[in-house]
Amino acid sequence: MIDLRSDTVTRPTPAMRKAMAEAEVGDDVYREDPTVRRLEEKAAELLGMEAALFVPTGSMGNEVAILVHTRPGEEVILDSQSHVMNYELGAMAAFGGVMPRPVAGERGFPTAEQVEGAIRAPIYYNCRTRLLCLENTHNMQGGGVYPRDRFQEVLRIARERGLAVHLDGARLFNASIASGVPARELARGVDSVMVTLSKGLAAPAGSLLAGKADFIQEAVRMRKRLGGGMRQVGILAAAGIIALDFMVDRLAEDHDHARLLAEGLAGIPGFEIDLAAVQTNIVIFRSARVAPRDLAERLKSEGVLCLCWSSDEIRMVTHLDVSRQEILQATDIARRVSRH
Ligand code: TLP
């Protein structure tokens, strides 16, 4: 199978498995796992933050951040297509009693005007707007990178208006490689950032939440409240260290493969794809002739897995476990199965 459903399907590398087998461990709920601590220090350094916390998933990283930044009844401004808004089962409402205030950012990236327009006036009967959540790269919109100037402007407004800012950087390293800007620069000015190890970086599980030391202290408590306090989890952190040390630069290869795939798909009659939107490892395209559900079934029967992304869109994601040859093969199969 050529599995293009997500970069989450990557399996740990031999070096990761070896490091996992040999990892020095302790009880991380007592904060005594040396490998976890090493991973957290490395991540804090890479992201230019005071401290970091290893969490089981990206979703938990986002939710811990939201719960620490907010109080029940407050509002969170976010893009209407963000992962937090769409794919985290309403966690902020379910666990935190906070209200999402979605804005329709251009390609998923809200402008300063949009953010400013969504901040509630400080009148006693209004919700208090507390937090702004941003996403880079943007998943639902096809892996685009937040335009730098727009991001800075948005941060300026947030600072002026006293909002905390959380960055869902599940694929922040993809944004960094695509733009040539270090991850720490992409995270500069935010109060918290989450990065994921288990997507393009190929670790089996785990994400990191980074921020100021006092924020992380609270995040440790919130992680435990959500049931995310793990024990000898240095086993997983060992793979995470390899992910940060050795798997970031190779994301460029995934981006090249995504471009190759997108260009191949663009030439297939009945497919519509915005090539300018393909900036990292995600390719989203419309299928006008064959309904995405049928197309996905046909692709599957020929050995290619993808996701039906919406009623008229398909998503394909490139990653470590798909070679250039397989990308070309998948394009040929797509051409064949979309003919009738
Ligand atoms: N994204 C997954 C699915 O949930 C859609 C994928 O296959 O792309 N933020 C962003 C931007 C994400 O894309 C994801 C996962 C998460 C957060 C959540 O991470 P996990 O799956 O570790 O909870």
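In this predicted model, an N or O atom in the side chain of Asn139 sits 2.8 Å from an oxygen atom of the ligand. On the nitrogen side of things, Asp168 places a side-chain N or O atom 2.7 Å from a nitrogen atom of the ligand. Taken alone, the ligand would expose 510 Å², and the protein buries 82% of that area.

Asp33 is buried but has no salt bridge; Arg38, the nearest side chain of opposite charge, is 8.2 Å away, whereas a salt bridge calls for a distance within 4 Å. What the Asp33 side chain does reach is backbone: the nitrogen of Gly234 at 2.8 Å, and the nitrogen of Val36, which lies 3.0 Å from one of its polar atoms. Leaving aside residues up to four places away in sequence, Asp33 touches Glu24, Val25, Gly26, Asp27 and Asp28, along with Arg231, Gln232, Val233 and Gly234.

Most residues other than glycine have a negative phi, and most peptide bonds are trans. Arg31, however, has a positive phi, near 60°, and lies in the loop between H1 and H2. Ala202 also has a positive phi, in this case near 75°. Ala202 is placed in the loop between strand E7 (192–196) and strand E8 (207–211), and counts as buried because its relative accessibility is 0%. As for the peptide bonds, the one joining Asn136 and Thr137 is cis, with omega at about 0°. Thr137 is part of the loop between strand E5 (129–135) and helix H7 (148–160).

Finally, there is Ser310, found in strand E12 (residues 307–310). Its relative accessibility is 30%, so Ser310 counts as partly exposed. The Ser310 side chain makes a polar contact with the side chain of Glu313, at 2.9 Å. Ser310 and Ile177 are 133 residues apart along the chain, and their C-alpha atoms are separated by 28 Å.

Notes:
Residues numbered from 1 in each chain as written. Predicted model: local features only at pLDDT ≥ 70, side-chain atom pairs only at ≥ 80, totals over all residues. Heavy atoms only, no water. Buried < 20%, exposed > 50% of the residue type's maximum accessible area, 1.4 Å probe, protein only. Lys, Arg positive; Asp, Glu negative; His and termini not counted. Polar contact = N/O pair within 3.5 Å; in protein donor to acceptor, adjacent residues only side chain to side chain. Contact = heavy atoms within 4.5 Å. Areas by Shrake-Rupley, 256 points an atom, 1.4 Å probe, with all protein chains shown as cover. Helix = DSSP H or I, 4+ residues; strand = E, 2+ residues; numbered from the N terminus.
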